[in-house]
Amino acid sequence: MKANPLHDASRRRLAPGRLSSAGFLGPDARPIDEIVAADVAELAEAGLSVEEVADLLDELHAAADAGLEAPCAACDGRATAAIVEGMGRIPCPFACGFRSHKAVVLVKAGDLELRFTPLHSHLIRKHGFFQGRGSEFRLEPRDLAALHRACRG
Ligand SMILES: [Zn+2]
């Protein structure tokens with residue numbers, strides 16, 4: 001696969017630094033294109049598109065937003081979601097102009113527990129980026145597929 005120059009510039013912004021003290025890549029040394037291609041393919045094997053997963057994360061975020069850090073019912077009672085608000089906003093590390101408020105959403109659906117940030121749905125929808133393997137906030141496509149099954153029935 002031909003390297004995407006946009007992604008080369010992004011690698012610097014994805015490293016630990018000003019945007020995120022933990023960074024978005026962790027120890028994952030693969031090219032960004034490769035990380036994106038592998039994760040989008042894994043999601044597709046589970047029968048899901050990035051849009052379907054991003055829509056679900058947006059729905060869970062919206063449900064959690066109603067609750068002032070208390071767990072709220074989401075997805076017709078199939079899940080609960082709670083939000084922990086942080087201070088300030090974070091720009092998309094791909095420098096597309098998108099900005100998100102800082103927060104962490106905790107979601108439970110059956111035995112499954114995941115946490116994500118409001119930036120995740122944008123990163124997944126627009127950039128196919130689930131963060132690097134081993135990074136603090138990586139979302140595994142298989143976990144998202146399990147969450148989708150649990151929430152959508
Ligand atoms: Zn972006």
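1. L60 is a residue of helix 3, where helices (H or I, at least four residues) and strands (E, at least two) are DSSP runs numbered from the N terminus. At 0% relative accessibility, L60 counts as buried; buried means under 20% relative accessible area, exposed over 50%, and partly exposed in between, with a 1.4 Å probe and protein chains only. The model is a predicted one, in which local features need pLDDT of at least 70 and side-chain atom pairs count only at pLDDT 80 or more, while totals for chains, interfaces and linings use all residues. Residues are numbered from 1 along each chain as its sequence is written, and side-chain values use heavy atoms, with hydrogens and water left out.

2. The surroundings of L60 deserve a separate remark. Not counting residues up to four places away in sequence, L60 touches A74, C75, A79, A81, V105, V107, F116, L147 and C151, contact being defined as heavy atoms within 4.5 Å. L60 and A146 are separated by 86 residues in sequence and by 15 Å in space, C-alpha to C-alpha.

3. Helix 3 (residues 50-65) and helix 5 (residues 141-152) have axes that come within 10 Å and cross at roughly 60°. Axes are lines fitted to C-alpha atoms, for helices over the stretch in contact, and angles run from 0 to 180 degrees between N-to-C directions. The two helices, helix 3 and helix 5, are therefore oblique to each other: angles under 35 degrees count as roughly parallel, over 145 as roughly antiparallel, 65 to 115 as roughly perpendicular, and the rest as oblique. The crossing of helix 3 with helix 5 is left-handed, a term used if the near helix is turned anticlockwise from the far one by less than a right angle, with right-handed used if clockwise. On the helix 3 side, the residues involved are E52, V53, D55, L56, L57, E59 and L60, and these meet L144, L147, H148, C151 and R152 of helix 5.

4. Helix 3 also packs against helix 4, at an angle of about 165° and with the axes 8 Å apart. That makes helix 3 roughly antiparallel to helix 4. This crossing, of helix 3 and helix 4, is left-handed. The contact involves V50, E51, V53, A54, D55, L57, D58 and H61 of helix 3, together with P118, H120, S121, I124 and R125 of helix 4.

5. How many of the 10 residues of helix 4 (residues 118-127) are buried? Eight are, so helix 4 is largely enclosed by the rest of the structure. The buried residues of helix 4 are P118, L119, H120, S121, H122, L123, I124 and H127. Their cover includes helix 2, helix 3, strand 2 (79-91), strand 3 (99-109), strand 4 (112-116) and helix 5. Just after helix 4, G128 has a positive phi of about 60°.

6. Helix 5 has 12 residues and should span 16 Å at 1.5 Å a residue; its end C-alpha atoms are 16 Å apart, which agrees. The expected span is 1.5 Å times one less than the number of residues. In helix 5, P141, L144, A145, L147, H148 and C151 are buried. Seen down the axis, these buried residues of helix 5 fall within an arc of 160°, so they line one face of the helix; the arc is that of the directions from the helix axis to the C-beta atoms. The face turned away from the buried side of helix 5 carries the exposed residues R142 and R149. G153, which follows helix 5, has a positive phi near 75°.

7. Helix 2 (residues 32-45) may be read in a similar manner. Its buried residues are I32, D33, I35, V36, D39 and L43. They cover an arc of only 160° around the axis, which puts them on the same side of helix 2. After helix 2 comes G47, with a positive phi near 85°.

8. Most residues other than glycine have a negative phi. A95, in the loop between strand 2 and strand 3, has a positive phi near 55° and is partly exposed at 49% relative accessibility. Q131, in the loop between helix 4 and helix 5, has a positive phi of about 80° although it is not a glycine, and at 3% relative accessibility Q131 counts as buried.

9. C96 also lies in the loop between strand 2 and strand 3. At 42% relative accessibility, C96 counts as partly exposed. Leaving aside neighbours within four places in sequence, C96 is in contact with H122 and H127.
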